[in-house]
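Visitor: Could you walk me through this model while I have it open? I'll ask as I go along.
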Amino acid sequence: MDVIKLDVSDEFEAMEGALELAGGDASVFKMPHVSSLVVSGNRILSANQTEGIVLEKRSTGSGVDIELTIKKGYKIPDPVHLCFGFLPKEGLQQINVSMVAEEDSSVQLVAHCTFPNSEHVIHKMDASIVVHKNAFLKYDETHFHGEQGGVEVIPKAKVVVMEGGRYFTGLTLISGRVGLLDLDYDVEAGKDSVCELNTKVHGKGTDNIKIRERISLIGENARSVTKSRVAIADNAVAEFTGITEGHAPHAFGHVDCVEVIQGNAVACAIPIVKVDNPLAKVTHEAAIGSVDKKEVETLMARGLEESEAVDIIVKGMLM
Amino acid sequence: MRGVNLEVADSEIHSVIGPNGAGKSTLAYLLMGLEGYEPDEGEIYFNGELITPLSITERAKRGITLGWQEPARFEGLKVRDYLSIGARRANNVSEETLCHALEMVNLSPALYLDREVSEALSGGERKRIELASIITMEPRLAILDEPDSGIDVLSLKEVITMIRHLKKNGSSVLVITHREEIAAASDRASLMCDGVVVRTGDPVEISNFFKNECKPCDMKAYTLKGE
């Protein structure tokens with residue numbers, strides 16, 4: 001076990017406070033049996049690694065470089081918690097991540113990204129992820145933003161899932177203003193692999209949401225689902241591009257996008273389906289519209305105001 | 001709709017029967033105040049108060065609610081939260097209330113409270129959950145549009161039990177139905193045809209008249225005669 005504790009207690013407490021204020025649970029970062037990493041700006045505030053995990057981390061001028069390896073055959077019992085935050089109003093946080101789930105390993109990672117005070121903060125993440133043969137890697141990222149809309153979140157990921165590997169990822173950004181989200185994930189799925197990409201985003205004001213997710217099913221019997229749920233209001237704009245390519249026999253992919261708009265918001269959904277193997281199959285569905293009138297009227301007939309009803313329906317869709 | 005004159009008494013089960021296209025569901029929507037169902041003329045009173053200009057929410061706050069023939073789907077909304085919305089109006093959001101409501105529609109609370117009211121449930125299950133949400137609301141007037149649709153015939157008895165439960169707890173119930181059994185369980189029934197309530201009275205008599213003596217062309221003549 002390798003534990004790092006620097007004298008950054010004030011900043012650590014501030015990060016904890018910001019996370020808990022936004023509804024997160026900071027107690028996990030103090031649990032010795034839970035692997036974790038807390039980064040504020042370019043400072044590593046705490047790190048804990050447990051058996052089966054190798055966590056290399058290095059502070060850079062504007063962020064951190066992280067290498068996380070789950071060793072061959074290890075099934076990590078508790079989720080690994082990562083916290084990336086930026087407390088000042090302005091600045092850049094560049095996170096470079098390399099994650100490797102070695103053969104037959106299994107891990108769930110939970111990332112908490114908190115930007116409570118941002119007026120002009122850029123949070124960039126460049127990730128390289130490899131899920132080896134028969135390994136399982138789940139990565140869920142939840143963002144907690146302030147109400148200023150001053151964050152630019154730019155996550156890019158290149159993912160390779162090898163034979164029999166399973167990769168699940170989710171990004172949830174429904175707390176506070178989005179600001180700018182420019183997500184670009186690229187996944188290559190090998191033989192008998194399973195991949196699922198989920199995004200849930202709630203945009204308001206002048207938020208700008210761009211989601212591009214591409215899955216290339218290159219291995220026989222590879223399977224994937226790309227699911228996106230976006231709700232936007234006011235003058236927010238959203239564009240979802242879901243690309244799934246079926247290149248191998250019996251590969252199956254599905255793209256599913258639902259966008260709900262209110263006010264002057266504008267949404268665009270672009271499902272792109274490419275198949276060059278006659279035994280592969282890729283399907284898609286996309287729906288953009290306002291909140292379902294019957295759902296709203298049903299909740300109003302139980303005593304809710306129209307705005308309360310719409311809130312519940314939108315939150316339900318994004319849960 | 002034209003010439004509709006209908007009165008539902010306190011704690012009364014009142015059925016509205018009639019052929020398809022008679023305007024029965026339109027009547028239900030109009031009473032609930034749904035968008036696009038505002039009357040061109042005429043007035044709706046509830047407990048002596050003119051409610052024609054009131055919104056759906058304002059009507060619901062007075063105790064009026066509606067159960068749809070085809071209930072809405074709510075992605076991500078748990079049954080527990082859905083039932084709690086109605087229960088809040090009755091100031092009675094307890095685990096016991098929610099469980100009791102589900103048991104009334106023959107659904108196990110252990111199996112359903114934490115499930116989503118979404119497409120994962122069958123139409124019949126969603127229908128039962130909607131009826132449970134009406135029970136938790138303890139309404140003063142429950143308007144039920146075809147409460148048995150999507151529920152198997154064997155369960156018709158449960159629907160009738162649920163309607164009687166509402167009455168016993170002080171609710172008036174206006175039921176839109178095609179079922180003789182539900183009409184027969186009512187205190188009074190009204191027959192609607194071509195947008196008009198043509199007859200109100202004993203439910204068995206009205207039901208028999210509709211079943212045995214009434215043909216579409218006769219009904220038209222009947223209403224034109226102004227009876």
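Visitor: At what angle do α3(B) and α4(B) pack, and how far apart are their axes?
Guide: In this predicted model, α3(B) and α4(B) pack at an angle of about 105°, and their axes are 10 Å apart; the axes are lines fitted to C-alpha atoms over the stretch in contact, with angles running from 0 to 180 degrees between N-to-C directions. That makes α3(B) roughly perpendicular to α4(B), a term used for angles of 65 to 115 degrees.

Visitor: Which residues make that contact?
Guide: From α3(B) there are B:Arg80, B:Leu83, B:Ser84 and B:Ala87, and from α4(B) there are B:Thr97, B:Leu98 and B:Ala101, where contact requires C-beta atoms, placed from the backbone, within 7 Å. By class, this contact has four nonpolar, two polar and one charged residues.

Visitor: And which residues of α3(B) are buried?
Guide: In α3(B), residues 79-89, the buried ones are B:Val79, B:Tyr82, B:Leu83, B:Ile85, B:Gly86, B:Ala87 and B:Arg89, buried being the word for a residue with 20 or more other C-beta atoms within 10 Å of its own.

Visitor: What covers them?
Guide: The cover includes α2 (293-300) of chain A, along with α2 (56-61), α4 (95-104), α5 (109-112) and α6 (123-137) of chain B.

Visitor: What follows α3(B)?
Guide: B:Asn91 follows α3(B), and its phi is positive, near 50°.

Visitor: Back to chain A touching chain B: how many residues does each give?
Guide: Chain A gives 18 residues to the contact and chain B gives 20. On the side of chain A, the elements that give two or more residues are α2 and α3 (306-318), and α2(A) has the largest share, with six residues. By class, that side of chain A has eight nonpolar, three polar and seven charged residues.

Visitor: New topic, the sheet in chain A. What order do the strands come in?
Guide: It is an open sheet of nine strands with mixed pairing, in the order β4-β5-β7-β9-β11-β13-β15-β17-β19, and strands pair if DSSP finds at least two bridges between them. The edge strands, each pairing on one side only, are β4 (53-59) and β19 (266-275), and the twist averages 5° from one strand to the next.

Visitor: In which sense do β13 and β15 of chain A pair, parallel or antiparallel?
Guide: Strands β13 (180-189) and β15 (208-217) of chain A pair in the parallel sense over 10 bridges, and A:Ala189 has A:Leu217 in β15(A) as its bridge partner.

Visitor: How are the numbers and letters set, and which residues count?
Guide: Residues are numbered from 1 along each chain as its sequence is written, while chains are lettered from A and ligands numbered from 1 in the order in which they are written. Local features need pLDDT of at least 70 and side-chain atom pairs count only at pLDDT 80 or more, whereas totals for chains, interfaces and linings use all residues.

How values were computed:
Buried ≥ 20, exposed ≤ 12 C-beta atoms within 10 Å, placed from the backbone. Helix = DSSP H or I, 4+ residues; strand = E, 2+ residues; numbered from the N terminus. Contact = placed C-beta atoms within 7 Å. Nonpolar A, V, L, I, M, F, W, Y, C, P; charged D, E, K, R; others polar. Parallel < 35°, antiparallel > 145°, perpendicular 65-115°, else oblique.
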